[in-house]
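Please walk me through this structure in plain paragraphs. I am seeing it for the first time.

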Amino acid sequence: MSTVFIPAVLRPNVGGVKSLEVGGESIRGVVDTLVEQHPALRTQLLTDDGDLNRFVNVYVNGQDVRYLAGLDTPVAPTDEVRLLPAMAGG
Amino acid sequence: MPKSYADLLREARAQIDEVTPQEVAALPPGAATLVDVREASEWEQGFIPGAQHISKSYIEQQIEGAAPDRDAPVILYCAGGVRSLFAAQTLADMGYNNVKSMSSGFQGWKSAGLDFETPVVLSAEQKQRYSRHLLIPEVGSAGQAKLLASKALLIGAGGLGSPAALYLAAAGVGTIGLVDFDVVDLSNLQRQIVHTTDRIGERKVESARIAINALNPDVNVVVHEEMLVAANVERLIAGYDVILDGTDTFETRYILNDAAVAAGIPVIHASVFRFEGQLTTFIPYEGPCYRCLYPTPPPPELAPGCSVAGVLGVVPGIFGLLQTNEALKVLLGIGTTLAGRLVLFDALETEFTELQLRRDPNCPVCSDAAVEARKAGRPLATAGVGEDAPFLMTTTGLSGNVSPEARA
């Protein structure tokens, strides 16, 4: 199980928790498990075609998966996955 | 047995090796730490380029900051070559084993027709006001002079802009530009500390100008009471050395990014939401830009502004100060900026997290192809950016009728 950190703006969709332990061997697996367990996240994270939305960045251990292997980036059980939507407030 | 001055001088000459001004001038840059041990009033009349100033009376206290490695070569000079000999003896006592004194001093340097620099001289009042900066070797009077000649632009005189405006002013950043079209509202005062209760209803730029000049009358405040839009962004940012992005809409952030990249001006970016914030420094072409980080803005339900979602007042305070720290480093040319790194802060957990950012090789604004296209007068379209977003953005302006403040 990898630890997925949920940003404040998405927490209402996952019962208000800050992080979740989610199984999956790749980012795709983790995201699929996540949206299965919390269907409200689906439209926030994925496009209709099942790709990651371009306004949500996903990091594995501090590295943007866009520059790794995208959804196919492998995830080990000890990895930290972080979902990061842009915020505008100032 | 008492010693005369002549005895002491003879002993110093016997102990310390001397070098001539010509020999010092011939050294490659960085070959030795060159320290001017004269009084400040003499330093102000001119000094050898590359030298650091530590008065002989402070040499014991400050040399380890200027020359941490006792085995590295250190050359001292004074006006005529005597004080530097005695100061070099002190350093030898402290374990500096490669310290030399320049014979004939700065007078000899000038007589030999060698180049020298004249520092910017701070007024007596400035020396007192900025004394804590002047004591830091990384700032010093040269750094302070740089700050006084610098221009910083704040986009937004709100939650992020308030602490930034005050601390930039306190630091003596000579010109502070303010862009804001809003007026002070009672609900701003929970975090926007540049404003005051008795200025509710006043224009924010004017209220901030009063606060800045009350703190530091040295600062020239340039007020722009207008919303930053594609049509005015180039004019607004022109001539500034650094920009602090403290706006609260995506439109403004993208418009600012695109123009700042084109103009080559660093943007210190921060945004806040409730207990959280994000911070990075965008240095054009050295690190990623805002579009590399976030190619498209999120839909409004994923990105409510402070007026909808709320924010703990100290969070923009903390981030405004972190932005100011970045801005001061950029202006002084010291330290390591956050270029290529995004810092997240969670105030509830008191937790900082750092993420690595990269330049997008296909970025429509800062990639090599984008630069070439801009040079050719055909900037790459950023259309498509708005396809999965609720509003469309182009490089030339906003389409759609919803004003940014309506969504803030």
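The model is predicted: local features need pLDDT of at least 70, side-chain atom pairs count only at pLDDT 80 or more, and totals for chains, interfaces and linings use all residues. Residues are numbered from 1 along each chain as its sequence is written, while chains are lettered from A and ligands numbered from 1 in the order in which they are written.

Chain A contains two helices and five strands, arranged from the N terminus as β-β-α-α-β-β-β. Helices (H or I, at least four residues) and strands (E, at least two) are DSSP runs, numbered from the N terminus. The C-alpha trace of chain A spans about 35 × 25 × 25 Å along its principal axes. Of the 90 residues of chain A, 34% are buried, meaning that 20 or more other C-beta atoms, placed from the backbone, lie within 10 Å of the residue's own.

Between the chains, 18 residues of chain A are in contact with 35 residues of chain B. The side of chain A that touches chain B has nine nonpolar, seven polar and two charged residues. Here Ala, Val, Leu, Ile, Met, Phe, Trp, Tyr, Cys and Pro count as nonpolar, Asp, Glu, Lys and Arg as charged, and the others, Gly among them, as polar.

In chain B, strands β12 (residues 341-346) and β13 (residues 351-356) pair in the antiparallel sense over six bridges; pairing requires at least two bridges found by DSSP. B:L342 is opposite B:L355 of β13(B). Four residues lie between the strands of this hairpin, where B:T350 has a positive phi near 50°.

Note on methods: Two residues are in contact if their C-beta atoms, placed from the backbone, lie within 7 Å. A residue is buried if 20 or more other C-beta atoms lie within 10 Å of its own, exposed if 12 or fewer, and partly exposed in between; C-beta atoms are placed from the backbone.
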